[in-house]
Amino acid sequence: MKAPLYKKDYSDAIAAWPKSVQLRNINGSVFSTLISHPDYIESKWNGHITAGDVITTANVYLDLMQTHKCPGKLLNDKTTVTGDWSEANDWLEFEWLPLAIQSGLQYIAHIYSSNMFSRLSARDLYLRINPRVGMQNFNNREEGLAWLLSQPMKVARSA
């Protein structure tokens with residue numbers, strides 16, 4: 001899947017980081033909120049999501065990582081979502097992931113939705129990106145956050 005351009009310009013929100021960034025669909029509903037925490041960034045998802053929503057959030061997250069000094073840990077909480085977003089996984093694996101790693105991403109704790117289609121999309125992504133990024137899937141936020149915070153940051157190699 002070719003990455004679409006943002007449906008909206010998020011440059012002002014990226015400049016205002018660490019203020020939370022709310023990403024909205026064409027109807028104005030928030031589908032993802034990026035939240036700054038001292039040791040990780042949280043992506044809190046909401047509602048029915050599409051591959052385009054996933055790509056938009058991944059691009060904004062990448063822009064945040066490239067613009068600001070951000071921790072290399074991501075809590076990806078999709079507890080309350082529905083939808084099949086697996087169409088984004090090729091793009092995430094081949095386009096986004098190398099840039100995210102280069103920008104400092106090391107770990108992702110993914111919190112499963114109870115929605116079967118979302119779970120299958122997350123499982124497919126896990127199989128594609130592990131072990132290049134340490135990723136684990138969890139059934140609840142507390143377990144995912146505990147795992148994420150227990151992961152040691154790797155020292156970046158100098159060029």
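Predicted model: local features only at pLDDT ≥ 70, side-chain atom pairs only at ≥ 80, totals over all residues.

Mentor: Residues are numbered from 1 along each chain as its sequence is written, and side-chain values use heavy atoms, with hydrogens and water left out.

Trainee: What is the bridge partner of Ala109 in strand 8?
Mentor: Helices (H or I, at least four residues) and strands (E, at least two) are DSSP runs, numbered from the N terminus. Two strands pair if DSSP finds at least two bridges between them, and strand 7 (residues 107–111) pairs with strand 8 in the parallel sense over 5 bridges. In strand 8, the partner of Ala109 is Gln136.

Trainee: How many of the residues of strand 8 are buried?
Mentor: Buried means under 20% relative accessible area, exposed over 50%, and partly exposed in between (1.4 Å probe, protein chains only). Strand 8 covers residues 134–138 and is mostly covered, and the buried count is 4 of its 5 residues.

Trainee: Which element gives the most residues to the lining of the largest cavity?
Mentor: On a 1 Å grid over the protein atoms alone, a cavity is a set of points where a 1.4 Å probe fits but cannot get out, and lining residues have an atom within 4 Å of a point. The largest cavity is lined by 14 residues, and Trp45, Ala58, Leu74, Asn76 and Trp96 lie nearest its centre. Two or more lining residues come from each of strand 3 (41–45), helix 2 (51–67), strand 5 (73–77) and helix 3 (89–102). The one that gives the most, with 4 residues, is helix 2.

Trainee: Why does Leu125 count as buried?
Mentor: Leu125 sits in helix 4. Leaving aside neighbours within four places in sequence, Leu125 is in contact (heavy atoms within 4.5 Å) with Trp85, Asn89, Leu92 and Met135. Leu125 counts as buried because its relative accessibility is 10%.

Trainee: And where is Tyr112?
Mentor: Tyr112 is buried, with a relative accessible area of 14%. Not counting residues up to four places away in sequence, Tyr112 touches several residues, including Lys78, Arg119 and Phe138. Its place is in the loop between strand 7 and helix 4.

Methods. 1 Å grid on protein atoms, 1.4 Å probe; cavity = no way out; pocket = protein on both sides within 12 Å on 5 of 7 lines; lining within 4 Å.
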